[in-house]
Amino acid sequence: QVQLVESGGGLVQAGGSLRLSCAASGIFSINDMGWYRQAPGKQRELVARISRGGHTNYADSVKGRFNISRDNVKNTVYLQINTLKPEDTAVYYCNAEGFVCSGCSTRPYWGQGTQVTVSS
């Protein structure tokens with residue numbers, strides 16, 4: 001059974017920091033991992049992604065403030081969020097692309113989401 005378990009969300013003041021974690025299990029091989037977010041009334045959007053080899057890409061709105069990293073041994077991806085702004089308020093979702101068995105298709109898997117709320 002595939003599980004992506006996120007942690008680290010919460011309520012912080014503007015300018016503060018948070019570190020989100022997402023541990024994946026049940027996936028035989030993971031390629032890219034990433035974080036997406038969805039604010040009320042808006043579509044889910046990419047925040048940051050990281051390849052198995054460590055190549056990263058970020059949404060323009062978070063460049064210089066967010067840092068994504070991963071531990072391939074622990075199948076865990078992290079998102080360090082600094083200098084938080086009220087517009088960063090959203091549910092943050094972990095994503096992992098991989099396959100669960102040899103010969104199985106690669107597909108995306110999602111966590112349940114963790115709320116980040118930034119007060120002004």
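**Close-up views of a predicted model**

**View 1. Arginine 107 lies over the face of tyrosine 109, 4.1 Å from the ring centre.** A charge sits over a ring if NZ of Lys or CZ of Arg is within 6 Å of the ring centre and within 35 degrees of the ring normal. The charged end of arginine 44 likewise sits over the ring of tyrosine 93, at 3.7 Å from its centre. The model is predicted, so local features need pLDDT of at least 70 and side-chain atom pairs pLDDT 80 or more, while totals for chains, interfaces and linings use all residues. Residues are numbered from 1 along each chain as its sequence is written, and side-chain values use heavy atoms, without hydrogens and water.

**View 2. The structure holds two aromatic pairs.** Phenylalanine 28 and phenylalanine 99 form a tilted pair, 6.0 Å centre to centre with 40° between the planes. Rings of Phe, Tyr and Trp (its six-membered ring) pair if their centres lie within 6.5 Å; planes under 30 degrees apart count as stacked, over 60 as edge-to-face and the rest as tilted. Phenylalanine 28 lies in the loop between strands E3 (18-25) and E4 (29-38) and phenylalanine 99 in strand E9 (residues 90-99), so the pair ties together parts 71 residues apart in sequence. Strands (E, at least two residues) are DSSP runs, numbered from the N terminus.

**View 3. Tyrosine 36 and tryptophan 110 form an edge-to-face pair because their planes stand at 70°, with ring centres 5.0 Å apart.** Tyrosine 36 belongs to strand E4 and tryptophan 110 to strand E10 (residues 107-110), 74 residues apart. Tyrosine 36 is buried at 17% relative accessibility, whereas tryptophan 110, at 37%, is partly exposed. Buried means under 20% relative accessible area, exposed over 50%, partly exposed in between (1.4 Å probe, protein chains only).

Technical notes
Helices (H or I, at least four residues) and strands (E, at least two) are DSSP runs, numbered from the N terminus.
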